[in-house]
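Work through the exercises below with the model open. Try each task before reading its solution.

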Amino acid sequence: MDDVVPLLTPWIRSRGFDLALIVGPSWIMTALVLAFAAPFSSPDAIGPFAWLVLVVGFDVAHVYSTLFRTYFDKRERETHGSLLLLTPLFCWLAATMVYALSAAVFWTLLAYLAVFHFIRQQYGLTMLYATAAERGQTIQQHIDAAFIGAATLYPLVYWHTHLPRAFVWFIEGDFIALPPNVEPVAKIAYIGIAAVYVLSHGLRIYRGEPLNLPRMMITIGTAASWYVGIVAFNGDLAFTATNVVAHAVPYAALIWVYGENREKIQSGTPILFIAPLVPLLLAIVVGLAYAEEGLWDGFVWREHPELFNMFSGLPALDDRWLSFAVPTLILPQLTHYVLDAFIWRLRKDTTWRSTLMFRRALRST
């Protein structure tokens, strides 16, 4: 047994919870796409039911889960009231000004902001799974960060050099095309960084140093899901499934862990974040997501009238009204992007936020 490589398992909540809802989604969705390649390979647009489940039920709904981490949290309102008040105001003003100048520029900027948000989450997850001892190993941190960056940026470069694809981020033309010769250079860089990543862990095995299992699963799962969803497949369903689920589920799971631990500290027992209330909490965020998408479909897109019957009577807006409607409808998403850059800064407040984030911190108190 001396030859067995020891594994670090710094689970955030528990092994089962983390594997199912934080670490596992990227692996699960990638495996599903590979196992059922035929429907995921279709270049056709995603079907209405799949769109409703993936986009509304996962993507848009996870945006509203941020409410439980911010506006529905009394301590956050008291501590960061100005941030919570001013963020949507400035987001709306900025969105309105940009959209008034150019709708195309608006969607392009929004697409790249969303891309940054998605990449940042994957990097953040690797940092969350760093143990206290590993935080001093800056070389491995840099290697892991470089690998996450390469694993997400190379598929994006491939996408930008192979436009148009069968899928888009928001709307057709929101990404700016790159010269085709950029992709081979990016591929070489990706392979090189991946080789360094593999070599670094090989050296740890050789030295008998422990391997951080969940952290490795996050990095490798990210690489697999982004490559399969963007490069290996050219299908709207494949991209949406690997992109949305692997992002939304871990985010909502972290919201749950934070809220559960917060209530344990404040009241001794969870009140809101208990298993029987899961259907109610899901109904709240999915209901808000459905209402938002119904307004989008009624006022702007008019693509899924069969899914939003109650909104089908809304009038189509001309350009003048769209310049106010679009920035207003996009406000929850923009606010989510901006607040996300602040609410997970655990190192800035180790006495409160770090304690709330990690169950193991509660056990040590």
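The crossing of H3 and H11 is right-handed (a crossing is right-handed if the near helix is turned clockwise from the far one by less than a right angle, left-handed if anticlockwise). This is a predicted model: local features need pLDDT of at least 70, side-chain atom pairs count only at pLDDT 80 or more, and totals for chains, interfaces and linings use all residues. Residues are numbered from 1 along each chain as its sequence is written, and side-chain values use heavy atoms, with hydrogens and water left out.

**Exercise 1. The overall count**

State how many helices and strands the protein has, and what share of its residues count as buried.

Solution.
- Step 1: Count the elements. The protein has 15 helices and 2 strands. Both are DSSP runs, numbered from the N terminus: helices are H or I with at least four residues, strands E with at least two.
- Step 2: Take the burial. Of the 365 residues, 48% count as buried. Buried means under 20% relative accessible area, exposed over 50%, and partly exposed in between, with a 1.4 Å probe and protein chains only.
- Step 3: Take the contacts, meaning heavy atoms within 4.5 Å. Among contacts with a separation of 6 or more, 76% are between residues 24 or more positions apart.

**Exercise 2. H3 against H11**

Find the angle at which helix H3 and helix H11 pack, and classify it.

Solution.
- Step 1: Locate the helices. H3 spans residues 48-65 and H11 residues 278-301.
- Step 2: Read the geometry. The angle is about 110°, and the axes are 8 Å apart. Axes are lines fitted to C-alpha atoms, for helices over the stretch in contact; angles run from 0 to 180 degrees between N-to-C directions.
- Step 3: Classify. H3 and H11 are therefore roughly perpendicular. The classes are roughly parallel under 35 degrees, roughly antiparallel over 145, roughly perpendicular from 65 to 115, and oblique for the rest.
- Step 4: List the contact. H3 residues including Trp51, Val56 and Tyr64 meet H11 residues including Val285, Leu288 and Glu292. By class, this contact has 11 nonpolar, 2 polar and 2 charged residues. Ala, Val, Leu, Ile, Met, Phe, Trp, Tyr, Cys and Pro count as nonpolar, Asp, Glu, Lys and Arg as charged, and the others, Gly among them, as polar.

**Exercise 3. H1 against H10**

Classify the packing of helix H1 on H10, then follow Val245.

Solution.
- Step 1: H1 (residues 15-35) and H10 pack at about 175°, with axes 9 Å apart. They are therefore roughly antiparallel.
- Step 2: In H1, residues including Phe17, Pro25 and Met29 meet H10 residues including Ala241, Val245 and Trp256. By class, the contact has 16 nonpolar, 3 polar and no charged residues.
- Step 3: Val245 sits in H10 (residues 236-267). Its relative accessible area is 7%, so Val245 is buried.
- Step 4: Beyond its neighbours within four places in sequence, Val245 contacts Pro25, Met29, Leu54, Phe58, Thr240 and Pro250. The C-alpha atoms of Val245 and Phe58 are separated by 6.3 Å, though these residues are 187 apart along the chain.

**Exercise 4. Gln121**

Is Gln121 buried or exposed, and which residues does it touch?

Solution.
- Step 1: Gln121 lies in helix H6 (residues 103-128).
- Step 2: Its relative accessible area is 9%, so Gln121 is buried.
- Step 3: Leaving out residues up to four places away in sequence, Gln121 touches Ala246, His247, Pro250 and Tyr251.

**Exercise 5. Aromatic pairs**

Describe the ring pairs Phe147 with Tyr197 and Tyr290 with Phe308.

Solution.
- Step 1: Apply the rule. Rings of Phe, Tyr and Trp (its six-membered ring) pair if their centres lie within 6.5 Å; planes under 30 degrees apart count as stacked, over 60 as edge-to-face and the rest as tilted. By this rule the count is 25 aromatic pairs.
- Step 2: Phe147 and Tyr197 are stacked, at 4.2 Å centre to centre and 10° between the planes. Phe147 is in helix H7 (residues 138-161) and Tyr197 in helix H8 (residues 182-207), 50 residues apart. Both Phe147 and Tyr197 are buried.
- Step 3: Tyr290 and Phe308 are tilted, at 4.9 Å centre to centre and 35° between the planes. Tyr290 lies in H11 and Phe308 in the loop between H11 and H12 (319-329), so the pair ties together parts 18 residues apart in sequence.
- Step 4: Tyr290 is partly exposed at 25% relative accessibility, whereas Phe308 is buried at 1%.
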